[in-house]
Amino acid sequence: MSSSTEDDTKNETEVAVHVPLKIRTHSVVGSSSDSDDYTAEVAGALVDVEGVCYADYRLEQYAHSVLDFSSQYGIDLSISYTAPNITGRPSKYPEYGDFPQTFAMRTYGDWWDKAPSRLKEIHPQSLPAVPSEDFIVLYFEDYVIPDEIAIFETFNPGAVIRIWSYTITKTWICLWEDMEFYSRPPYTANRARRFSPPLKRIQLPTKTIRLEFNHKRLHYYTEIDAVLMSGRKFNMGNLQTLLDFHERQRKGSILSKLQNMKFRPICKDNYQTRLQHFLDHDLDKFMSAVNEVQIKTTAKDQEVTRVSKVDLKDMPFDIVLKIFSYLDLISLFRVGQVSRFFYDVSTHPLLYSEINLKPYWHLASSELISTLAKRATVLKKLDMSWCGCTIQTVSPTEFKKFIQQRGDTLTHLRLNSSKFLNSSCIETIGIVCDNLKELSLRNCSLSPPLLNFSCLANLKNLDRLDLFQTVIEQDLLLTMLESNPKLKHLNLAFCNVAVNMDDVAVHVSEYNKQLISLDMWKAHYLSAHGLLALSKCHDLEEVDFGWCLREATLGDSLKEFLINCPKIKKLFLAAVRGLTDRDLEDIANLCPNLEQLDLMGVLGISKERYYDILQKCKKLQLMDLSFCDNIMDYEVAMWSQNFNVNIKCCHVPNDIR
């Protein structure tokens, strides 16, 4: 899926070089065969022409720790399906199946994009051909020059689309990108995979790797057991030599060679005279010849030559502006360097009414934010998700200044996994951005002391609030619900354990009756009482109560909820152990618009009830029956074919999620 490559690739020593060396081309396992980097063997080490020393052996090491991630299936209080499970040696590979000891993420396929809560991308032309949906950043103990990264995938492989390296020069380099993601058939083999794609060869040591994922083509959740990085051990004693060499290389190969040779051009006496003569007499003629287009036409008996001058400035400004509006952010900056006219067009404020820096997370910096503040005078939508991850390239002070300058016109603000945020930034958002309709703070605070959200209570116009995996105090959350009666989409998945979802449900039923989608996945303390309260929200089309109603005794609460919410299209009830045959009868009879149904891990239900749902819910597209009992594989295959419904049904003999 992500690649057709499988199983492709199967101490510090300080050396002072003062003797003649036999130079040869050194080929490293897993590296490009056309490399022209020259090295020399000296006393058990490898020394290149710049004097940088590497060990003569390859070091293999598994990930030591997780620095950052965008989402995980498990909760922090558990060891099941959490990000730290990706560290260390494989615990399950080469076994294939659903294992709680692995790392899994929140979504799979494109089902979340088909739900009522789906999001439209901000400035979509800035997205790469294969956009990233999730990431994880891994830390290794030793610096190496990477030549292989092996990812041990134990369930539904095929989501990895990019591998990044954070080098010792404090820059991110993309080592591999799956450019054939959409053209290659999905990976469908039901077996574990050691995925080791060919890497771009670099000569910069690293101990930090970032994996990016796209789940669109996954049949079900992907799971990763471990990550192995291999490469030449780097001698840290040569760090400054390497940094100096990299700085010279950054200037360009020709210029750096000239500098090494201490080259100085020898100008003849008449050189300046000739140059001045050209500038005074011939430059205008030269420019005229370049700009003129000769159009020749032939008449009956004579040839007529007409000279016309074509200038982009003659084109209506609105048309040029419209053309430029299709450019991504990087192209806008590049085209502005062509001419003064292009610069004036490319810096027009209307081209910066929407800014999406998520695809440029590795380039985002305080300097870029400062430049955008000068151009985006009518900014409406801003996405700075993933910016500042792992390394502080974006200053909280500069972001705060940006919001103070441009935040009063913002209607959409996404700051998912933005680690540069501090209490002062959040306070500024709450004070300045009073026109916000959408605020997304997914995975922004893992513990209460980090951020203070109290100023967000000033926001009054929200119709979307996303606090997935973000810690927030209950009193503040309830105040925000009261202050935003137009709220239509609310995501409280992985919410703080101190937040009682029954209290939230009562508040929602009183103050947010226009709600369309509500995500309480893996939240806490939702009971039949809260479910009955939510039945007052008659416009609900999407609810996720997975793992939230896990131990609740539902009684007639689900029936009452479904009767009063007839618009339900997505109903997720994963691991709700209190469900009975009668509840599934109610789903079959009361949900004519149902498109997605998740019953993963529901036990004790007769197969006739599943069949009733398939028969009566004519719009059903997805049904998750994984780890449900009383179902045979042949029955699932027959149902899928007869009803044209995508049925998920994993029967891996492991503990239920």
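**Helix 4**

I looked up which residues of helix 4 (residues 317–324) are buried, and they are Val320, Leu321 and Phe324. They span an arc of only 100 degrees around the axis, so they lie on the same side of helix 4. An α-helix has 3.6 residues a turn, so residues three or four places apart point the same way. I then checked what covers the buried residues of helix 4, and the cover includes helix 5 (329–335) and helix 6 (340–346). I note that the model is a predicted one.

**Aromatic pairs**

I counted ring pairs with centres within 6.5 Å, and the count comes to 26 aromatic pairs. Tyr108 is in the loop between strand 6 (103–104) and strand 7 (134–155), and Tyr221 is in the loop between strand 11 (206–213) and strand 12 (223–234), so the pair ties together parts 113 residues apart in sequence. I found both Tyr108 and Tyr221 buried.

Next I took Phe341 and Phe342, whose ring centres are 6.2 Å apart with planes at 45 degrees, so this pair is tilted. Phe341 and Phe342 are both buried.

I also looked up the aromatic cluster that holds Tyr108 and Tyr221; among its other members are Tyr73, Trp112, Phe155, Phe468 and Trp521.

**Charges over rings**

I found the charged end of Arg210 over the ring of Phe135, 4.1 Å from the ring's centre. Lys358 lies over the face of Trp386, at 4.5 Å from the ring centre.

Methods: Residues are numbered from 1 along each chain as its sequence is written. This is a predicted model: local features need pLDDT of at least 70, side-chain atom pairs count only at pLDDT 80 or more; totals for chains, interfaces and linings use all residues. Side-chain values use heavy atoms; hydrogens and water are left out. Buried means under 20% relative accessible area, exposed over 50%, partly exposed in between (1.4 Å probe, protein chains only). Helices (H or I, at least four residues) and strands (E, at least two) are DSSP runs, numbered from the N terminus. The arc is that of the directions from the helix axis to the C-beta atoms. Contact means heavy atoms within 4.5 Å. Rings of Phe, Tyr and Trp (its six-membered ring) pair if their centres lie within 6.5 Å; planes under 30 degrees apart count as stacked, over 60 as edge-to-face and the rest as tilted. A charge sits over a ring if NZ of Lys or CZ of Arg is within 6 Å of the ring centre and within 35 degrees of the ring normal.
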